[in-house]
Amino acid sequence: MNNTPAIQLNDVSKKYDDFTLDSLSITLEKGLAYALIGPNGSGKSTIFRILNGLLQPHTGSIKIAGLSFQQDDYFIKNKIGYVPENPIDHGRVRASEVINFISRLYPRWDRKLCRDLLAQCEVKTDKPFNQMSKGMKKKLSLVLALSIRPEILLLDEPMDGLDFFSQKFFTEQIHHFLQQEGTSVLMATHRVEDIRRISDVLLLLNKGRFLGEYEKDQLLDNWKTLWIEQLPANPQKVAGVVKWEEGSPHRLVSKDQHKTVKDLTTSGIHITRTTPLELDEILQTILIQDGNPTHKSA
Ligand SMILES: Nc1ncnc2c1ncn2[C@@H]1O[C@H](COP(=O)(O)OP(=O)(O)OP(=O)(O)O)[C@@H](O)[C@H]1O
């Protein structure tokens, strides 16, 4: 089996007047789904454009399936299915002509898959592109990206503008590619449902700075809310505690429930209840606090 990573970024940086993508080094393993998460303007689309070869970084090196753009631009582009945040504007050209044109650029183009996907998600191809609705354009963009039978799917807000049925339909298609075709996925999204349904690993970014990678299931297992009647003298010193709120009972949020339980038990503090945390609260806490415990009074 080929274990070459899907994507490797080493010390990649990009500078605009008021924004710097700061020395990003990450490795994305083959066959996994990664969610790129960060507030508006944190650099997600910039990373996608760099990965597509549309934007040159100021420093660093990029490998896609072990290949670099300098040596293998053509081979790399054949491997990537890209859904941009805003679909490319094809003006008055009909969707059928767009499909025809794109199909000739990709050697692995799957004509039957394209036809089936278009029929199932009800995209009509006889309309000029600029007369299609926002959701229809996004669906066409997804169908095109999947029909090239990509090794790597780069999805920038893929569900933005889609109705519920289409969201479900394309989530299933992405799962199919992940599980049956070994495709690797990198998806930028602000939607917690998409992170929950599609991703294995979360990559967190804030203001151009990479905060770290987290396995989604581990995050949900480790982060818990612990309810206690008696507050420790120094809650910030209890292992794993990232924030606490005074109340009756007091609420402790732990990023490592086992360590926190052990510490509290050693101090003789009784935990009345342990409850799960929503993924959005976990992500928000990591993004806002950047590792520093916070406290809310009653
Ligand atoms: N061509 C450009 N010239 C100057 N600044 C740019 C350019 N493109 C992006 N930026 C800036 O880079 C920063 C990151 O933008 P980017 O689009 O990568 O963020 P994002 O995380 O995708 O945001 P969002 O979640 O809102 O889509 C922003 O401050 C943006 O204004």
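Student: In this predicted model, which strand holds Leu 24?
Tutor: The model is predicted. Leu 24 falls within the run of residues 19–28. That run is strand β2.

Student: Is Leu 24 buried or exposed?
Tutor: A residue is classed as buried when 20 or more other C-beta atoms lie within 10 Å of its own. Leu 24 has 24 C-beta neighbours inside 10 Å, so the class is buried.

Student: Which residues does Leu 24 contact, leaving aside its neighbours within four places in sequence?
Tutor: Contact requires C-beta atoms within 7 Å. With the neighbours within four places in sequence left out, the contacts of Leu 24 are Leu 9, Val 12, Ser 13 and Phe 210.

Student: How far apart in space are Leu 24 and Ser 61, C-alpha to C-alpha?
Tutor: In sequence, Leu 24 and Ser 61 are separated by 37 residues. In space, the C-alpha to C-alpha distance is 9.9 Å.

Student: What percentage of the contacts with a separation of 6 or more comes from residues 24 or more positions apart?
Tutor: The protein has 298 residues, of which 34% count as buried. Among contacts in the protein with a separation of 6 or more, the share from residues 24 or more positions apart is 69%.

Student: Why does strand β13 count as largely in the open?
Tutor: Strand β13 covers residues 271–276, which makes 6 residues to check.

Note on methods
Residues numbered from 1 in each chain as written. Predicted model: local features only at pLDDT ≥ 70, side-chain atom pairs only at ≥ 80, totals over all residues. Helix = DSSP H or I, 4+ residues; strand = E, 2+ residues; numbered from the N terminus. Buried ≥ 20, exposed ≤ 12 C-beta atoms within 10 Å, placed from the backbone. Contact = placed C-beta atoms within 7 Å.
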